[in-house]
Amino acid sequence: MTRQHLALLCDNKPGVLTHVAGLISRRAINIECINAGYTEESDVTRINIVVSVENRWELDQAVNQLAKLIDVIKVVNLDDAPFVSYELAMIKIRSLTPEIREELTNIANLFKAKIVDVQRNSLTMRITGREDRIEALLEMLKDYEIIEIARTGQISLSRGEPAVKDM
């Protein structure tokens with residue numbers, strides 16, 4: 001099973017994300033993360049998808065079908081060239097004592113995470129970076145009571161000057 005990173009440029013219309021996700025799931029491809037957002041062009045939405053596939057042929061078939069969807073402008077497999085990938089995670093941890101808050105602050109500093117909220121019984125930190133860095137922080141926090149985690153999933157851009165629309 002290999003992970004592949006897809007970037008799609010689509011018309012900014014209701015239902016596009018649903019059509020894309022539906023096509024991928026109908027082909028029995030597992031979507032590990034999917035996110036969508038604005039681009040430098042107001043009428044274009046960028047969808048980043050990380051999928052797990054058994055083989056490249058299976059993915060190529062799905063990419064070809066995605067490219068045929070009426071609202072899809074471009075589909076690029078970012079794994080075909082160097083790319084940069086990051087995600088955001090917010091983690092809320094129970095911190096009942098000042099000592100625990102200090103320990104958590106020290107851990108956050110080690111990972112260059114930012115404390116974004118401190119309450120009497122909890123602390124929330126934000127970390128951005130590669131997936132392995134976020135996983136390492138979560139591993140360090142296993143000794144504490146994690147109340148809640150929210151992760152964006154990976155967003156990716158190709159390295160260098162060419163944009164996805166030009167690939």
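Where is the place of S25? In this predicted model, S25 sits in helix α1, which covers residues 16–26. Let's start with that serine and then move on to the sheet.

S25 is partly exposed, because its relative accessible area is 46%, and that class lies between under 20% for buried and over 50% for exposed. Its side chain reaches the backbone oxygen of G22 at 3.1 Å. S25 can also be placed relative to A62: the two are 37 residues apart in sequence, while their C-alpha atoms are 9.8 Å apart in space.

Now to the sheet. It is open and has four strands, in the order β2-β3-β1-β4, with antiparallel pairing. At its edges lie β2 and β4, each of which pairs on one side only. From one strand to the next, the twist averages 15°. Helix α2, made of residues 56–68, packs on this sheet and touches β1, β3 and β4. The direction of α2 makes about 165° with that of β4.

Here are the strands with their residue ranges:

| Strand | Residues |
|---|---|
| β1 | 2–11 |
| β2 | 30–38 |
| β3 | 44–53 |
| β4 | 72–77 |

How many bridges join strand β1 to strand β3? There are ten, and the two strands run antiparallel.

Terms used: Residues numbered from 1 in each chain as written. Predicted model: local features only at pLDDT ≥ 70, side-chain atom pairs only at ≥ 80, totals over all residues. Heavy atoms only, no water. Pairing = 2+ DSSP bridges. Axes fitted to C-alpha atoms, helices over the stretch in contact; angles between N-to-C directions. Contact = heavy atoms within 4.5 Å. Buried < 20%, exposed > 50% of the residue type's maximum accessible area, 1.4 Å probe, protein only. Polar contact = N/O pair within 3.5 Å; in protein donor to acceptor, adjacent residues only side chain to side chain.
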